[in-house]
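Q: Hi! I'm new to reading structures, could you walk me through this one?

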Amino acid sequence: MSAADTPVGMPSPDAETRRSPWGEVLHSLLRSGTFLTGFGIVLFWVICALLGEHFVPYDALADDIINALAPPSAEHWFGTDQIGRDVFSRVIVGSRDILTVAPLATILATVAGTALGLLIGYFRGIVDDIVSRVLEAFMAIPVVIIALLAIVALGTSKITVIVVIGLSFAPIIARTVRSAVLAERELDYVAAAKLRHEGALHTMFVEILPNVVPPILVETTVRLGYAIFAVATLSFMGFGIQPPSPDWGLSISSNYGMIGGGFWWTVLFDALSIASLVIGVNLVADGVHGAFND
Amino acid sequence: MVFLGGQVLPGNVGRAILGPFADQRAVDALNHSLGVDRPLLVQYGTWIWNFLHGDMGTSYIFRAPVAPFVIDALGNSMKLGLVAFVLVMPIGILGGVIAALNLNRPLDRIISLGGLSVTVLPEFVTGIILILIFGVWLRWLPIAATWPKGAGFFTQLYYLILPSLPLFLVLFGYIARMARSGMIEALDSDYTRTAVLKGLPWRTVVWRHVLRNALLPTITVIATQTGYLIGGLVVIETLFRYQGIGSLIFTAARGKDFPMLEAGILTIGIVYAVATLIADFLYSVLNPRIRLGAEQ
């Protein structure tokens, strides 16, 4: 026991003004303009994804060939696409698929990466050496290339995209967790757990894991931004979300061929939506990072 | 590894080329003539042997040797990558240096935040927005990157500006951020204080003492960005219909043209390795503390 630990039941002098560590983090998040702006943007798109189809003026999938490629007007705020679908409705509803696939991929990456990072950080030695080299080799290959190969091999489906992105991000999270665990495993509480004859799994997941949550949370929010980047890019390449989804990347890929004809409204709003979502998530990540590192 | 990846991809090659309605005997015959019905290890041995001798195999789709396609595409990609690099290196470093010299002032905020925002955006999103602004509305630049046959250097350059801009934007954020943090660290150091205190003009201090030390980490980052740049090329070349190595891999992947796909990816691997080697070399030349052969 170190002398710095406050004895149980003895309130520290400034007990009223002290908050729990998590309360502290929440407090600084709520005062961070970066976080709140990003959170607002992300919340907007989440609401669109969940409830969008109930308030958009048209069915996002309904075509109306007579009104095809109509420029923005009072009737169609963002115009219509090449088979007359309302671009505004499609942009709003188009948030749904990317906001399902990208977070699921991030969760997969976090769970797999955390488990792997705990293992190699805790055991070190030869396991760490071998696994770390393999992870480095994986990280050297651009995600787009891995994804392209894997998706050609496994076929295009949402599950494939989730698994591919999840697994290619897992090494990055594993590396972060590993370095956090390396610092933790030298601390007294780990030694105490070992003296109590706790099993390795117990020590890793019950003792160490709660103490490395902050870096994992920060890395997860950062990865979510990259996952959205990757899903949008794969959809644009035709290897991600498949038609007839009104997904943004997919819409851009089916409409950008006509861009030279001046039909800018068929791609501009989708592009701006991706941009706003990615920047929103990154602002959130920046805020979370700041809150834990103050 | 690349070879195995290509072979694990399911799907009958002959079937993929001839289409779903072809006669099964024709499919078998084609598979045999392509050699894909031989055991995996035999195929692998032949492939490595031939690659080392400069023969990259025969494209399943074009029924022609792969090598000329790959070499052409690599040349085109290098032009594009080079334009992006030549643009971004001085501007990115300059941006980072200016930001660091104006630390926490509005100019720093603008450069840092702006750089960060464009860095996180997918290339095809910035690409589309740039095409709309410069290609469709202002009509300053061509929207497809295919110049007329036999075009001169400057015409080619003119066609390459727009495709290289999205790559520029993504790299700008990284390079400016690295240069900025390197500068801040160097400005804060003891040797800078010494230089100022011995009465050197500020300009000399920045040029001679700060910049030299600040740019070292930036060079390492640039090398790690080569891998990223290649990933970005796949997207940009598709968007601008540019015949580079990225779009070659993309088309090969879609058509299950394995020899083409494998040759393309292996080429990228080699380029990446060479770039990393060059960066290591540059680092050792610029950093007097690490001389080749002197360490350990």
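Q: At what angle do α7 and α10 of chain A pack, and how far apart are their axes?
A: In this predicted model, helix α7 (residues 158–184) and helix α10 (residues 213–237) of chain A pack at an angle of about 155°, with axes 10 Å apart. Helices here are DSSP runs of H or I with at least four residues, strands are E runs of at least two, and both are numbered from the N terminus. Axes are lines fitted to C-alpha atoms, for helices over the stretch in contact, and angles run from 0 to 180 degrees between N-to-C directions.

Q: And what do you call that arrangement of α7(A) and α10(A)?
A: The angle therefore makes α7(A) and α10(A) roughly antiparallel. The cut-offs are under 35 degrees for roughly parallel, over 145 for roughly antiparallel, 65 to 115 for roughly perpendicular, and oblique for the rest.

Q: Is the crossing of α7(A) and α10(A) left-handed or right-handed?
A: The crossing of α7(A) and α10(A) is right-handed. A crossing is right-handed if the near helix is turned clockwise from the far one by less than a right angle, and left-handed if anticlockwise.

Q: Which residues meet there?
A: From α7(A) they include A:Phe169 and A:Ile172, and from α10(A) they include A:Arg223 and A:Tyr226. Contact means heavy atoms within 4.5 Å. By class, the residues of the contact of α7(A) with α10(A) are 14 nonpolar, 1 polar and 2 charged. Nonpolar covers Ala, Val, Leu, Ile, Met, Phe, Trp, Tyr, Cys and Pro; charged covers Asp, Glu, Lys and Arg; the others, Gly among them, are polar.

Q: Let's step back. How many helices and strands does chain A have?
A: Chain A has 12 helices and 0 strands. Its C-alpha atoms fill a box of roughly 80 × 50 × 25 Å, taken along the principal axes.

Q: What about α1 and α12 of chain A, how do their axes cross?
A: The axes of α1 (residues 21–30) and α12 (residues 265–292) of chain A come within 9 Å and cross at roughly 135°. That angle makes α1(A) oblique to α12(A). Among the residues in contact are A:Trp22 of α1(A) and A:Phe292 of α12(A).

Q: Over to the two chains. How much area do chain B and chain A bury between them?
A: Chain B and chain A bury about 3,100 Å², 82% of it on carbon and sulfur atoms. Buried area is the accessible area (1.4 Å probe) that two parts lose on being put together, summed over both. B:Val120, B:Phe124 and B:Ile128 supply 17% of the area that chain B buries against chain A, more than any other three residues.

Q: How many residues does each chain bring, chain B and chain A?
A: Chain B brings 36 residues to the contact and chain A brings 34.

Q: Where does A:Pro244 sit, and what is its peptide bond from A:Pro243, cis or trans?
A: A:Pro244 is in the loop between α10 and α11 (248–255) of chain A. The bond from A:Pro243 to A:Pro244 is cis, with omega near 5°.

Q: And what is phi of A:His197?
A: Phi of A:His197 is near 65°, a positive value in a residue other than glycine. A:His197 lies in the loop between α8 (188–195) and α9 (200–208) of chain A. Most residues other than glycine have a negative phi, and most peptide bonds are trans.

Q: What should I know about the numbering and the model?
A: Residues are numbered from 1 along each chain as its sequence is written, and chains are lettered from A and ligands numbered from 1 in the order in which they are written. In this predicted model, local features need pLDDT of at least 70 and side-chain atom pairs count only at pLDDT 80 or more, while totals for chains, interfaces and linings use all residues; side-chain values use heavy atoms, leaving out hydrogens and water.
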